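Work through these exercises with the model open beside you. Try each task before you read its solution.

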Amino acid sequence: MNYELEKTQTQLAAAQERLELALEASELSLWDWDLLEQQVYHTRTEEILGLTTEQGQSMLLDLRPLVHPDDLKDLRKAMIGHLKGHTQEYYAEYRMRHADGHWVWIEDRGRVVERDEQGRALRMLGTRRDITKRLQNDEVLSAAQANSKKVKYLSEYDALTGLANRELFQQRLNESIAYSHDKTNRFALLHLDLDRFKVLNESLGVESADQLLVQVSRRLNDIFSEANTVARLSGNEFAIILRQYGSFASLRRLAELTLERISRPIELVDKSLIITTSIGISLMPEHAIEAGDLLTQASMALKQAKYHGGNTVEFYHERMQASALERLELEQQLRYAIANGELCAHYQPKVDLLTQKISSVEALVRWNHPELGLVSPAVFIPIAEETGLIKAITEQVLEQACNHAKHWKQHGYPVAVSVNLSVHHVRQGNILGLVVKTLEQTGLPAHLLELELTENHLLDNAESVIEEFTRLRELGVRLAIDDFGTGFSSLNYLKVFPADTIKIDQAFIQGVATNNADAQITKAVISMAHNLNIKVVAEGIETREQLDFLTQSACDEVQGYFISRPIPAEQMLKLLQSFRYKDLIA
């Protein structure tokens, strides 16, 4: 009997030792709570909380003073919920203050093991362990995972707009092509570019330009479903991979809807803007079956849309390839023409309606091609602007115009000559030096030169442009705003730009005799300009009715085919000598 008892005690001691070793290995402490006697037994309080035996004995019953105040509410809720039988297990994570002052994260698990007949808890057993390191490791891991996701996001999406970036777009384009090869499905590639965004960016500032890009991106996302890819390729350049677009007609309608949605007013923090876009479209497999070819063709179509004035849609067609080659060849010929003096200035007179004499002329460039004859400016000017050749052309025309004006003056006709400035000179800010140098070389008095700048060019570096033109005006050079009424901020710039003259765009003049709105707008512009001591020129006069209306409306000068087409310098001298206003109205 004694042998059996000793054996049992030995087995119990061994089991107890194994339990303690297991608890030590698992870093668990045990607690045993007798709710009737309100006694609690804890183990490993020194290892977990740094409490000495004496400190531990005084804190065994109630550890609440050590619990972080922010965690007491949740801890109490978990404990009471289990004691009332609402949960099968008690579980809580909370902080306790270590003896050295730092906070230790604790994980408690426990269960009521004895209840009375009324269900009240009598005894509860549980474990406790320090999970501080685990949580710290979890935080590090979580931060690493979040950082990895962020890196992946930034590698695939545009940080400003949230749209797919060029890399993800290229990946999706390749996937769409592979899918179409396998499934014989079609898709469309739309290439978009915001019209005149560079001007807006330079004049409004980066912050406003970024706001605009974000709102444009939202509109594109609203138009195209998530099944499609909307990407920002660069600054103001976007692309859309459009799957299952249906018919050609429905695709065009969708593209035109995009134009309309983009052109709606955009409200920024301190202003409202209207911007338009151009769209070029290529189709898979009708136009190409390779990613590079598709994007090239969509870009060709986009350039064609830009060439036609923007705010339009163009589909790629094979003639564009030939057209691109023709434009490249024409560009080379234009470079040769500039170097070999094939470009010349023709002049269109402006008539003063008060004196009824030719008061000034506008210089307009013409290209006398040795094989093609006179090449229309509508053909070569866009190429010149796109390639930067317009800068050299403007300088040649300015020099010719000043020489011709001096020649007419020497013959007794001191008429002013107007020269259109290129946007390249405006952006580079070297207008003053160019004009002073040209006037010195040609000997033309400054008051006989007028420089014309469109409203849209005024937006380019507006502050520096105004400063430079103020200095030109101080020299005696006259300044004119061309195409007035077609830009973004006509009235605003009249307040600050040192203009002597505004030229009302022919789009308004054409309808003055038949359209009441055009007539009233024109009258209002004339009246406003006169109140600001600014002279008004109406361009594009083609009929006697238009001339009569402008005369009655007190317009200062008129210009257009009704008076004369642009003519060479020699013919202009003859016209100056022979012009009689009464012959116009006879």
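**Exercise 1. Find the angle and axis distance at which helix 13 and helix 22 pack, then describe their contact.**

Step 1. Locate the helices: helix 13 covers residues 390-410, and helix 22 covers residues 569-578. Helices (H or I, at least four residues) and strands (E, at least two) are DSSP runs, numbered from the N terminus.

Step 2. Read the geometry. The two helices pack at an angle of about 35°, and their axes are 11 Å apart. Axes are lines fitted to C-alpha atoms, for helices over the stretch in contact, and angles run from 0 to 180 degrees between N-to-C directions.

Step 3. Helix 13 and helix 22 make a right-handed crossing. A crossing is right-handed if the near helix is turned clockwise from the far one by less than a right angle, and left-handed if anticlockwise.

Step 4. List the residues. His404, His407 and Trp408 of helix 13 meet Ala569, Met572, Leu573 and Leu576 of helix 22. Contact means heavy atoms within 4.5 Å.

Step 5. Sort them. This contact has 5 nonpolar, 2 polar and no charged residues. Ala, Val, Leu, Ile, Met, Phe, Trp, Tyr, Cys and Pro count as nonpolar, Asp, Glu, Lys and Arg as charged, and the others, Gly among them, as polar.

A note on the model: it is predicted, so local features need pLDDT of at least 70, side-chain atom pairs count only at pLDDT 80 or more, and totals for chains, interfaces and linings use all residues. Residues are numbered from 1 along each chain as its sequence is written, and side-chain values use heavy atoms, with hydrogens and water left out.

**Exercise 2. Describe the crossing of helix 8 and helix 9.**

Step 1. Helix 9 spans residues 248-262. Its axis and that of helix 8 come within 10 Å and cross at roughly 145°.

Step 2. This crossing is right-handed.

Step 3. Helix 8 brings Val216, Arg219, Leu220 and Ile223. They meet Leu254, Thr258, Arg261 and Ile262 of helix 9.

Step 4. The contact residues divide into 5 nonpolar, 1 polar and 2 charged.

**Exercise 3. In what order do the 5 strands of the open sheet lie, and what packs on them?**

Step 1. The order is 7-8-6-11-12, with mixed pairing. Two strands pair if DSSP finds at least two bridges between them.

Step 2. Strand 7 (229-234) and strand 12 (313-315) are the edges, each pairing on one side only.

Step 3. Neighbouring strands here are turned by 20° against each other on average, direction ignored.

Step 4. Strand 7 runs antiparallel to strand 8 (residues 237-243), and 5 bridges join them. Ser234 has Glu237 of strand 8 as its bridge partner.

Step 5. Helix 8 (residues 206-223) lies across strand 6 (187-194), strand 7 and strand 8. It runs at about 10° to strand 8.

**Exercise 4. Which strands does strand 5 pair with, and through how many bridges?**

Step 1. Strand 5 (residues 121-130) runs antiparallel to strand 1 (residues 29-34), with 6 bridges between them. Asp32 stands opposite Leu125 of strand 5.

Step 2. Glu114 has Arg123 as its bridge partner in strand 5.

Step 3. Inspect the hairpin of strand 4 and strand 5. There are 5 residues between the strands, and Gly119 takes a positive phi near 90°.
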